[in-house]
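Please look over the sequence and the model shown here before reading the briefing that follows.

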Amino acid sequence: MLIDVGNLHISSSTLVPIGVYLSKITINGQLVWWSLKPQLKQLLITQPEVAVFGAQLLIEIIKPLLSSLSLEEDVKDGITSMKRWLDSMKGYMEEQSSGLERGKWLENKVEQVRDIAYDIEDVLDEFVLHSPPYTFHNRQFIRQIHTVAHTVYHGFPIRGISEKIAKIKTSIDDMRSQHAFLSTGLSSPRPSSSSTNMVRSHPPVSPLLLDDEIVGYEKEKKIFTDQLVDGEKRLVALAVAGPAGSGKTAFVKNIFCKRGIMGRFDCHAWVHVSQHFEAEELFVNMLKQFCYSRKEPYPIDDGTNTQTKLHKYLTGKRFIVVLDDIWSQNHWDVIKGGFPNAFHGSRIIVTTRSSNVASVCASSIRHVHILNCLEWLQALTLFYRKAFPDNDGQCPPELKGCSERIVKRCEGLPLAIVAVGGALARKRKLPSVWEKFHDSLGCEIASDPNLSAISNALLLGYMDLSTNLKSCFLYFSIFPEDYSVERGRLIRLWVAEQFAVGINFQTAEEVAEGYLDELIQRNLVHVSNYDFDGTPRNCRVLNPVLNFVTHKCKYENFASIFPTENTSRNQKIRRLSVRNDCTHLPRNIDFSGVRSMFLLSLVETSTSNFEKVLRELKLTRVLDFQGAPISKFPKDITHLTLLRHLNFRGTKIKSIPSSIKKLSYLETLDLKQTDVKELPKEICHLHNLRHLMAYKRNVESYVVFDSVQGVKIHKGIGKLTDLQALSLVKVGKKVKILEELKLLTKLRKLGLTGIRRGYGNELSASIEHKPLLTTLDLCSDTEEEILELGEMGKPPLKLQRLHLKGRLNQLPTWISSLDNLLRIGLKWSKMQYSPLQALQRLPNLIELELVDCYIGGELIFEASSFKKLKILLIEDFSELHTIVIRNGAMPDLKQISLHKCPMVTISPLGMNNLAKVEELILRDMAQEFIARLRMNGEDRAMVARIPLIHSFTSRIGHQYSWSFENLSDSSSH
């Protein structure tokens, strides 16, 4: 890191002018203050996990600010001393964090270092808090007056910060005097840059699953075995991927060690690769095993390297080798050079935790085998076998209930099931003993040596993560067991925490998405469900992984959980997760350093206690109250100047105060599913806002026109030029809002409702200026109002989701040019002409929703149309009587939904041409139509191949009540 007069050297590839971050405030040409611009304030708000590095960077950046103050010489000396200490501590903490085990004494020292780094971070954040804000007034004179007034008001806190800096210097001096080695930051010689090629010690791989008792994965076993012996002559690589503890090694060993497999090959070897390996040693090990399997001596030294010897030895032989636990593509690139690519029927088997690595190593996608989790009965069988070895795997009746609850918490991970079952096998077979074990399972995994295999398996994957990925992974500890987090919410939180920052041409959100994808590919994060286009919608970590993460968080002081957390008075709480039945937070805890606060799954809160905690907060960046029992906007929130993320989704708040303008660094304001109907005009002061979401959806059964309510906004929205998401804005009479939207060129998601007739030109012009737009939701003012969409010279070609609600005379021609469109919804359009002609050639369309959009009697899906469509909804077509599906139309269709089409009495013609349909969902269809689909009905043959057919009919006189009929063939279940 180099600082000169004009530039701050942040990285080897980026020079950032100091003027980007600092503004000189002068009056009559005389410097009176350095002002922090928003970009610097965002940079200063950095995560505690890299507090040493963050403080090291920040202390250099704020030097100009400090020099403008009348600070005593000893304070300036203290700042210099802190910088030197941070330089040495950075290396020290990096070295110690790479160790897998620490002595108690060393743990205490590392904790002291972390606490001092936290103190430095606090001081820097307080300095930002009390520094002059970067104002957005157009007139320089007004900006100067604000700055001078700020100087007078905040002068005393600045002097107080100087005292805290001196106190930190004293702490550093004390530590140096007590432990001389800490003055250099090194407890042992640092490894050289070449050490990455050396073998490092790791906890041994658990032998718990290395036996013949592996249960489940029967289908994968058969496919895998067939691929080993299928007679294919070329060299084939097979890859087995799955999360830590999924039984990859045991799965392969169970097949590899069978005589019928090894006997088919001339020689065989099994090597464990590990995260850090030395290629020469690996090749030596392999060559020794290949020679041993043929009872041959090791080749004599001919002056060539071992890789060449290995390649030469295997030439002409049919070999099989297992490369157990490959961590990266680079590892594979190094190792595969040792194998001759000849046509002798040789096989390479790779196990890995990364799905990406598996796809790179395998010869084709069909040679990739993913082991996720065991099915319920398989998991229970494996548990009983391990927990009751003396009883032939039979569970006593009195322990069955508790056993099932314990197995459920293992979430199908074989390693967890075997470890927990083995631990319980050594305990007394009493319900009270097993219930106690169940209730303390997380603590048992952390402390019981018999369960250490679970932690060791996860620890390897954790240590392989970068600092930012570790922070993202540990973030899941904030959420309770079985809690799935919405993908967008998680990404916005990571950005607010500064785990992800924008680089080059990527936004911070795009970087965060990449982090999540990597954690999923590494099989550390589990996808709960996917969106229609295959992207993760919700995700979480499995319970055994959550136990590991929670224990790691407690050790790293990453997050504190109430009411279960045993927090000491002096502990520096950084993230606060308040859950379940916690109605009061302890009074003796200092919450002033909390950076993030979550209220999760709460039934009720104590208003006075809650407000007291909010008053204590001052450096908070994240407040996430999603679904919390809150009915009023807490006034103390607007004093949190550094707040970047504010989430009230699913609460009962009704209004936002005008004082929200004080939150000038706010990036996310989430008001979905609240009762807020209008935003104050002061919202336009939030110039750093990136995500503004405020609407309420009321859907009981069918979606009706006014089921989604937007919010009113005032003029000035065009000032928020950093907005990426804005939804749903009620336009109404304020056509000028559409003109202001032209200025929001960074928008990726836009939702507008209350659009009136006559606004077509303004609407089209505002959309044209959105080159990054991927989601567009437009709704007319009333169901009968015409939604005017004019032609565009430059439509948003990156659009992926398009929803049009309201009457349309015809579809705009530019829609046919949206090659990136994945989903389109046309609702209440009531067009005279079928929209299918304009949509059928969209090359990437996956989902099509048609609701009362056509008043004709026939819908015809032409041959070769909608080639990638997977989901089709046809609803509320009052005049429709015939649906025709030509041969070759919708070849990939998976799900069809037909709702409220009373004139449709026969099955869609050509339905039997849809070979891939898995679901047919019917709601309030004509009884004649239903009758023809029953087992002996006239149209049964048209739908016989569909595995799931469900029919729902509204009960007369019972609102939102349905009768259900299962029309599926029972033999398909």
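**Sheet and helix packing**

In this predicted model, strand β6 (residues 236-241) runs parallel to β10 and is joined to β10 by three bridges, where strands pair if DSSP finds at least two bridges between them. Local features need pLDDT of at least 70 and side-chain atom pairs count only at pLDDT 80 or more, while totals for chains, interfaces and linings use all residues. Residues are numbered from 1 along each chain as its sequence is written, and side-chain values use heavy atoms, with hydrogens and water left out.

Sheet

- A241 stands opposite I370 in β10; strands (E, at least two residues) and helices (H or I, at least four) are DSSP runs numbered from the N terminus.
- Five strands form an open sheet in the order β7-β8-β9-β6-β10, with parallel pairing.
- At the edges lie β7 (267-272) and β10 (368-370), each of which pairs on one side only.
- Helix α10 (residues 279-293) packs on the sheet and touches β7 and β8 (319-326), its direction making about 145 degrees with that of β7; contact means heavy atoms within 4.5 Å, and angles run from 0 to 180 degrees between N-to-C directions, with axes fitted to C-alpha atoms, for helices over the stretch in contact.

Helix pair

- The axes of helix α20 (residues 467-474) and helix α22 (residues 508-521) come within 10 Å and cross at roughly 75 degrees.
- That makes α20 roughly perpendicular to α22, a term covering 65 to 115 degrees.
- N468, L469, C472 and F473 in α20 meet Y515, E518 and L519 in α22.

Conventions
Angles under 35 degrees count as roughly parallel, over 145 as roughly antiparallel, 65 to 115 as roughly perpendicular and the rest as oblique.
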